[in-house]
Amino acid sequence: MAVIGHYIGGKQVNTAGRTASVFNPATGAQSGEVLLASAATVGEAVAAAKAAFPAWADTPTLTRARIMFKFKNLLDRDIDKLAEAITLEHGKTFEDAKGEVTRGIEVVEFACGIPHLLRGDFTEQVARGVDVFSARHPLGVVAGITPFNFPVMVPMWMFPVALACGNSFVLKPSEKDPTPSLMLAELLAEAGLPKGVFNVVQGDKEAVDTLLTHPDVAAVSFVGSTAIGEYVYKTACAHGKRAQALCGAKNHLVVMPDADLDKTVDALMGAGYGSAGERCMAVSVAVAVGGVGDALMEKLVPKVQALKVGPGMDADSEMGPLVTREHLAKVRGYVDDGVAAGAKLVVDGRDLKLQGYEDGYFLGGCLFDDVTTDMKIYKEEIFGPVLSVVRVPAYEDALRLVNDHEYGNGAAIFTRDGDAARAFDRDAKAGMIGINVPIPVPVAFHSFGGWKRSVFGDRNVYGMEGVGFYTKMKTTTARWPTGIRAGAQFVMPTTG
Ligand code: NAD
């Protein structure tokens with residue numbers, strides 16, 4: 001049984017104390033025991049990061065970039081190992097896990113450009129003999145608290161940019177799939193990152209609370225559910241930290257009557273059931289506009305029925321199990337609730353049994369028709385392979401659904417009509433819009449973030465938003481000695 005510990009000051013550290021079990025979701029068998037950090041252990045990680053910070057912040061950006069280049073090459077080398085580690089603890093298919101690592105690598109590639117990204121501004125002669133220049137400085141020790149659904153990609157939304165900007169980092173990954181975090185720490189060390197610049201503490205609420213209140217943590221990035229994100233954001237802010245929290249979602253895909261239905265159905269299959277619906281950008285609501293519902297269902301139902309569900313390491317599987325037994329029970333509970341509330345369960349995945357994997361956390365794809373906005377399955381994030389179809393008469397009704405929902409992470413429209421697409425792009429209240437693209441996760445040189453209760457804080461992650469979040473501006477007004485030959489001046493300086 002693997003013991004999954006912490007990574008502090010350049011080495012793996014195991015501590016006594018509380019632990020939690022880690023399972024292989026495909027078999028239901030326990031695969032490891034993860035240590036849960038005490039406040040003292042988190043304190044050691046923060047102290048290691050604090051000690052490493054001054055030298056790292058002083059390291060030229062070109063040197064930092066070269067470490068990122070090496071890290072990128074090592075990630076390419078080990079992509080299969082990382083993907084396998086993800087699949088064995090998370091459950092998603094191996095190819096999907098490789099896709100996750102690839103999207104993380106893209107942020108490392110962005111961070112390789114840090115010498116250019118941190119280039120400052122300079123204005124000569126703002127007054128006679130006076131120049132002004134601005135530069136971005138790292139914050140110090142920054143922390144990342146991450147969810148189970150992307151154990152490699154979400155930490156890599158954060159730390160490549162944070163490190164490249166000159167900060168030191170403490171990562172608190174999800175306790176459900178903790179192993180990949182240690183692999184990332186080892187690869188950073190192999191790339192030449194100095195000891196203590198990147199640290200990992202495994203843990204739960206105790207570890208999170210310690211980071212949120214620790215006087216030596218300057219900023220906190222969180223990705224996870226809305227209830228916890230709101231708490232994390234408010235607590236971190238109350239303790240004087242810069243904070244950003246990216247949270248839950250209920251992403252709608254609007255199907256216009258003129259949409260290419262074959263492409264739309266393929267998009268709904270991937271976005272609704274990929275990674276068993278455990279993505280914050282999963283599509284969980286399809287909005288059929290103006291009578292397109294029957295034709296849509298005719299094509300969609302057989303595809304959901306034919307979905308190949310199986311262990312993530314099996315090359316034939318299109319969808320793996322859910323992450324834990326508890327999460328499986330929660331998602332099943334939502335399906336039961338939808339049936340009780342009167343929604344039409346056209347494909348019922350609840351009875352799926354897989355020979356040889358009877359103890360795995362599998363649920364077949366579920367598809368609801370005639371879902372209404374008062375139902376719990378419409379209002380709440382299910383985070384499972386459950387797609388709800390809502391039928392509305394007109395485009396305006398579809399837009400209203402998107403805009404009235406409490407979440408506003410992503411929203412997509414499928415249409416051939418440029419006017420409808422443009423109107424949707426301008427009017428939909430969501431942070432990321434897809435036009436004939438179901439999962440519009442921005443590339444690394446743009447930035448990721450939702451609206452409404454899908455986010456707390458005013459900075460998105462990665463891209464230039466990430467550089468802004470992980471740095472503070474210093475603006476210097478300089479006058480050189482010859483400028484004071486005239487002697488002291490007592491009036492307010494003005495230009496001219
Ligand atoms: P979660 O909120 O349960 O956990 C996230 C992190 O918070 C974990 O590290 C966990 O250990 C910690 N945590 C859990 N309970 C805590 C508590 N009481 N106090 C302090 N910390 C606590 O989320 P999850 O189930 O791991 O992930 C799924 C959620 O994440 C979904 O809601 C999904 O939409 C969201 N998510 C959002 C984005 C985004 O970018 N918006 C991306 C990925 C996932």
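Biologist: Within what distance do the axes of helix α10 and helix α11 come, and at what angle do they cross?

Modeller: In this predicted model, the axes of α10 (residues 261–273) and α11 (residues 293–305) come within 10 Å and cross at roughly 45°.

Biologist: Why are α10 and α11 called oblique to each other?

Modeller: Angles under 35 degrees count as roughly parallel, and 65 to 115 as roughly perpendicular. The crossing is at roughly 45°, so α10 and α11 are oblique to each other. Their crossing is right-handed.

Biologist: Which residues make that contact?

Modeller: From α10 come Leu261, Asp262, Val265, Leu268 and Met269, and from α11 come Ala295, Leu296, Lys299, Leu300 and Lys303. Sorted by class, the contact of α10 with α11 has 7 nonpolar, no polar and 3 charged residues.

Biologist: What makes α3 roughly antiparallel to α7?

Modeller: The axes of α3 (residues 79–90) and α7 (residues 179–190) cross at roughly 160° and come within 9 Å. Angles over 145 degrees count as roughly antiparallel, and therefore α3 is roughly antiparallel to α7. α3 passes α7 in a right-handed crossing.

Biologist: Which residues of α3 and α7 are in contact?

Modeller: On α3 they are Lys81, Leu82, Ala85, Ile86 and Glu89; on α7 they are Thr179, Pro180 and Met183. This group divides into 5 nonpolar, 1 polar and 2 charged residues.

Biologist: Which residues make the contact of α3 with α4?

Modeller: α3 contributes Ile79, Leu82, Ala83, Glu84, Ile86 and Thr87, while α4 contributes Phe94, Ala97, Lys98, Glu100 and Val101. By class there are 7 nonpolar, 1 polar and 3 charged residues.

Biologist: How many residues surround the ligand, and which are the closest?

Modeller: The ligand is surrounded by 27 residues, and the closest are Pro147, Gly224, Ser225, Leu246 and Cys280. The shell divides into 13 nonpolar, 9 polar and 5 charged residues.

Biologist: What does the UniProt annotation say about residues 16–475?

Modeller: The unreviewed UniProt entry annotates residues 16–475 as "domain: Aldehyde dehydrogenase". In the model, that span is 41% helix and 22% strand, and its end C-alpha atoms lie 47 Å apart.

Methods:
Residues numbered from 1 in each chain as written. Predicted model: local features only at pLDDT ≥ 70, side-chain atom pairs only at ≥ 80, totals over all residues. Axes fitted to C-alpha atoms, helices over the stretch in contact; angles between N-to-C directions. Helix = DSSP H or I, 4+ residues; strand = E, 2+ residues; numbered from the N terminus. Left-handed = near helix turned anticlockwise from the far one by under 90°. Contact = placed C-beta atoms within 7 Å. Nonpolar A, V, L, I, M, F, W, Y, C, P; charged D, E, K, R; others polar. UniProt positions renumbered as here; feature names shortened; annotations may be inferred. Near = placed C-beta within 6 Å.
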